[in-house]
Amino acid sequence: MISERFDFPSADGHRLAARLELPEEGPPRAAALFAHCFTCGKDNLAASRIARRLTNAGIATLRFDFTGLGASEGDFGNTGFASNVADLVAAARAMAARDLPPALLIGHSLGGAAVIAAAAQIPSARAVATINAPAEVDHALAQFGDQLAEIEARGEAMVQLAARPFTIRRTFIEQARAAMLARDVAALGRALLICHAPTDQTVGIANAQRLFEAARHPKSFVALTGADHLLTAAADAHYAADIIAAWAGRYL
């Protein structure tokens with residue numbers, strides 16, 4: 001596997017840090033774009049393991065840090081769901097300029113919601129796969145707890161997410177509530193694979209059912225039995241990647 005730095009500009013002009021992984025021998029059979037989970041980053045265990053596993057299956061994969069996260073420029077406090085979608089579209093354009101237009105979009109958790117919403121703006125996308133994704137974007141607001149009211153009242157607040165402090169502003173809440181994921185998944189127009197852990201304690205399995213019922217065929221569901229929300233076990237991340245690679249082969 002060949003792994004290289006692949007930075008690109010966001011729609012707002014920020015430099016977004018990315019990692020492009022390519023098969024070591026021969027041209028890739030397709031290219032994939034991976035969206036990480038909420039506040040995670042391109043180098044978290046699930047993102048890196050899935051990307052590398054897909055690359056070993058012949059699918060070149062780009063993973064990147066959303067604006068204000070990891071090594072990417074920008075202020076996370078000024079971002080929201082709409083900017084995540086815009087970052088994905090910018091990433092797809094950068095890949096296309098490299099002659100690697102993404103045919104497969106993959107999103108983990110809130111990243112799954114983002115790839116569903118972004119697909120309409122990425123013409124090269126033929127298939128979309130989600131991992132433990134919510135059925136509504138405002139599901140993420142539950143992580144703010146009592147500080148949700150403070151953000152709405154004061155306009156912003158410092159919130160602890162995954163043991164790290166993040167400034168969350170009212171714009172984030174407004175964009176999350178304004179998103180219409182059920183509409184987007186119904187109008188997807190691409191093959192859809194929903195992967196979800198039945199025992200996910202962060203985003204319950206009912207979310208997968210709602211997405212599946214709203215989507216049109218071709219659509220598929222695979223249970224990630226025994227996995228947690230973040231796919232922290234290597235075996236679970238590898239299983240998800242293998243399932244996605246095998247399923248996507250029909251459409252790439």
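**Aromatic rings**

Modeller: The model is predicted. Ring pairs join Phe38, Phe76, Phe144, Phe166 and Phe172 into a cluster.

Biologist: How many aromatic pairs does a search of the whole structure find?

Modeller: The search covers the whole structure. Its count of aromatic pairs is eight.

Biologist: Are the planes of phenylalanine 38 and phenylalanine 76 stacked, edge-to-face or tilted?

Modeller: The ring centres lie 6.4 Å apart, and the planes meet at 40°. Stacked needs under 30 degrees, and edge-to-face needs over 60.

Biologist: How many residues apart are phenylalanine 38 and phenylalanine 76?

Modeller: Phenylalanine 38 is in the loop between β5 (30-35) and α1 (45-56). Phenylalanine 76 is in the loop between β6 (59-64) and α2 (81-97). The pair links distant parts of the chain, 38 residues apart.

Biologist: Is phenylalanine 76 buried or exposed?

Modeller: Buried means under 20% relative accessible area. Phenylalanine 76 has 10% relative accessibility, so it counts as buried.

Biologist: Which parts does the pair of phenylalanine 38 and phenylalanine 144 tie together, and how many residues apart are they?

Modeller: This pair is tilted, with 6.5 Å centre to centre and 55° between the planes. Phenylalanine 38 lies in the loop between β5 and α1. Phenylalanine 144 lies in the loop between β8 (127-131) and α4 (147-154), so the parts tied together are 106 residues apart in sequence.

Biologist: Which charged end sits over the ring of phenylalanine 212?

Modeller: The charged end is 4.5 Å from the ring centre. It belongs to lysine 219.

Conventions
Residues numbered from 1 in each chain as written. Predicted model: local features only at pLDDT ≥ 70, side-chain atom pairs only at ≥ 80, totals over all residues. Heavy atoms only, no water. Phe/Tyr/Trp six-rings, centres within 6.5 Å; stacked < 30°, edge-to-face > 60°. Helix = DSSP H or I, 4+ residues; strand = E, 2+ residues; numbered from the N terminus. Buried < 20%, exposed > 50% of the residue type's maximum accessible area, 1.4 Å probe, protein only. Lys NZ or Arg CZ within 6 Å of the ring centre and 35° of its normal.
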